[in-house]
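I set out to look up the surroundings of a ligand and the arrangement of a sheet.

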Amino acid sequence: MIEYRPLRIALLGAGSVGAEVARLLIENREELAARVGAELELVGIAVRDLKAKRPEGVPAELLTTDAETLILGADIVIEVMGGLEPARTCILQALNSGSDVITANKYLLATHGTELFDAAEQVGAQLYFEAAVAAAIPIIRPLRESLAGDKVTRIMGIVNGSTNYILDRMDSVGLSLEAAMAEATELGYLEADPTLDIEGYDAAQKVAILASLAFHTEVPLEKVYREGITKITPEQIRAAKDNGYVIKLLAICERVEEGVSARVYPALIPREHPLAAVRGAFNAVFVEAEAAGALMFYGSGAGGTQTASAVLGDLVSAAKRHVAGGPGLADSVHAELDVLPIDRVNTRFQITLEAKDQPGVLASIAATFAEQGVSVETVEQSINPRKTATLMVGTHEATEASLQSVVSALAASDAVESITSVIRVEGV
Ligand code: NDP
Ligand code: HSE
């Protein structure tokens with residue numbers, strides 16, 4: 001029996017995600033009330049344009065452009081507007097008036113997370129954000145709760161669906177970057193500003209959130225190293241395939257002796273690695289923790305309905321807390337670890353170059369690696385139609401700084417005609 005008063009839910013945004021939140025909230029009203037122990041009453045939906053066409057599940061009578069009044073009359077506020085402002089101001093208003101808030105806004109959290117969490121803590125409110133990373137995939141709650149007693153050592157994920165789709169199409173059917181991007185645009189996978197996806201900004205926002213939770217340390221967005229996929233060539237994709245690798249845009253954060261590293265870049269991974277099997281626009285996050293070992297989370301990382309699933313999961317948690325009371329979750333940033341710049345990060349590299357096919361060339365190239373303290377693991381040589389030798393050199397782990405020194409020295413070497421590819425190797 002439901003004895004608690006109805007909880008007033010304010011929804012900010014009725015776009016791809018908001019419209020699905022509204023539909024599911026209304027369609028599943030009875031079931032949700034039974035789970036929570038209180039009716040969840042959608043009292044209003046803030047939008048920009050009252051005249052815009054909405055899907056059927058969005059009741060026109062609930063739409064308003066007055067977000068502030070809506071927020072002040074709510075018990076729980078769901079922010080799915082996106083962007084920094086007015087989302088930030090709206091969330092602060094809601095928290096300061098004691099409401100719990102649910103957001104899917106990775107950009108806002110990665111940029112102003114500390115301010116928002118501090119505001120929540122001051123008034124004893126909660127900020128939930130399961131949908132902000134990898135949408136439907138439960139990854140925030142596992143890090144915040146299930147693994148809270150363990151020590152996460154590394155997270156490596158594919159957290160941007162559109163770039164995974166683009167790389168997958170380049171790999172599986174040999175499309176050019178431009179053609180694969182055109183397909184992704186047609187399918188609606190890319191953000192309104194595609195740079196956010198293809199230059200790795202979206203993935204960087206997500207890894208900043210994951211790293212902060214995993215390592216109990218504030219990891220600001222500007223300290224996340226970022227490279228996108230725009231320089232990946234069909235030749236690199238083909239060479240990767242021929243050599244048993246696939247190129248993925250990886251979001252990585254790890255705990256190392258001197259601190260933590262958070263970074264996004266395209267890298268080779270072996271075709272037998274679990275992340276290599278993540279095709280199309282899917283996402284997956286591979287977590288390594290000291291006691292738990294390796295864990296993999298896989299599923300839809302985007303889409304209105306999928307993202308709404310994560311938002312509603314948070315809504316049930318927030319509503320239950322309302323009904324039963326209690327402090328809720330508090331994230332700890334007690335560790336205050338240093339966030340390392342990329343040049344202090346250790347990775348393996350694969351360097352492909354065209355060299356003169358002459359005596360002593362191989363020895364001179366090997367010496368260049370040795371002089372910079374970079375240990376070579378594999379060398380493959382083939383002679384190409386231009387009668388130069390194509391050398392593919394795989395290194396053991398080396399710092400980015402030493403790799404950059406190797407690349408500069410090779411570029412200046414008389415033995416080397418051109419460097420055609422420098423790419424990191426992960427997951428070996
Ligand atoms: P949309 O652009 O589809 O929708 C945004 C909604 O917010 C629209 O209804 C818009 O109103 C409303 N809105 C925007 N600005 C204002 C404002 N100033 N005042 C009132 N309403 C406003 O975004 P999505 O639904 O795709 O994304 C929402 C959030 O979810 C973002 O933070 C996004 O990063 C995140 N997210 C999205 C995923 C996805 O697959 N789409 C996946 C995971 C997270 P109007 O309709 O009138 O223009
Ligand atoms: N643009 C994002 C992606 C949407 O491609 O994954 C989900 O955050």
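The entries below record what I looked up in this predicted model.

**Entry 1: the shell around ligand 2.** I asked which residues surround ligand 2. The list I found is K106, V159, N160, G161, S162, Y189, E191, D197, D202, K206, G301 and A302. I then sorted this shell by residue type, which gave 3 nonpolar, 4 polar and 5 charged residues.

Entry 2: I looked up N or O atoms of the protein beside oxygen atoms of the ligand. For G161, a backbone N or O atom lies 2.7 Å from an oxygen atom of ligand 2. In the side chain of K206, an N or O atom is 2.8 Å from a ligand oxygen. For the side chain of N160, the corresponding distance is 3.4 Å. I next noted the area: ligand 2 taken alone exposes 250 Å², and the protein buries 88% of that. Two elements, α7 (161-173) and α10 (201-215), each give two or more residues to the shell.

**Entry 3: the sheet.** In what order do the strands of the open sheet stand? I read the order of the 6 strands as β3-β2-β1-β4-β5-β6, with parallel pairing. The edge strands are β3 (63-64) and β6 (127-128), and each of them pairs on one side only.

Methods: Residues are numbered from 1 along each chain as its sequence is written. Chains are lettered from A and ligands numbered from 1 in the order in which they are written. This is a predicted model: local features need pLDDT of at least 70, side-chain atom pairs count only at pLDDT 80 or more; totals for chains, interfaces and linings use all residues. Side-chain values use heavy atoms; hydrogens and water are left out. A residue is near a molecule or strand if one of its heavy atoms lies within 4 Å of it. A polar contact is a pair of N or O atoms within 3.5 Å; within protein, one must be able to donate a hydrogen and the other to accept it, and residues adjacent in sequence count only if both atoms are side-chain atoms. Accessible areas come from the Shrake-Rupley method with a 1.4 Å probe; for residues, only the protein chains shown count as cover. Helices (H or I, at least four residues) and strands (E, at least two) are DSSP runs, numbered from the N terminus. Ala, Val, Leu, Ile, Met, Phe, Trp, Tyr, Cys and Pro count as nonpolar, Asp, Glu, Lys and Arg as charged, and the others, Gly among them, as polar. Two strands pair if DSSP finds at least two bridges between them.
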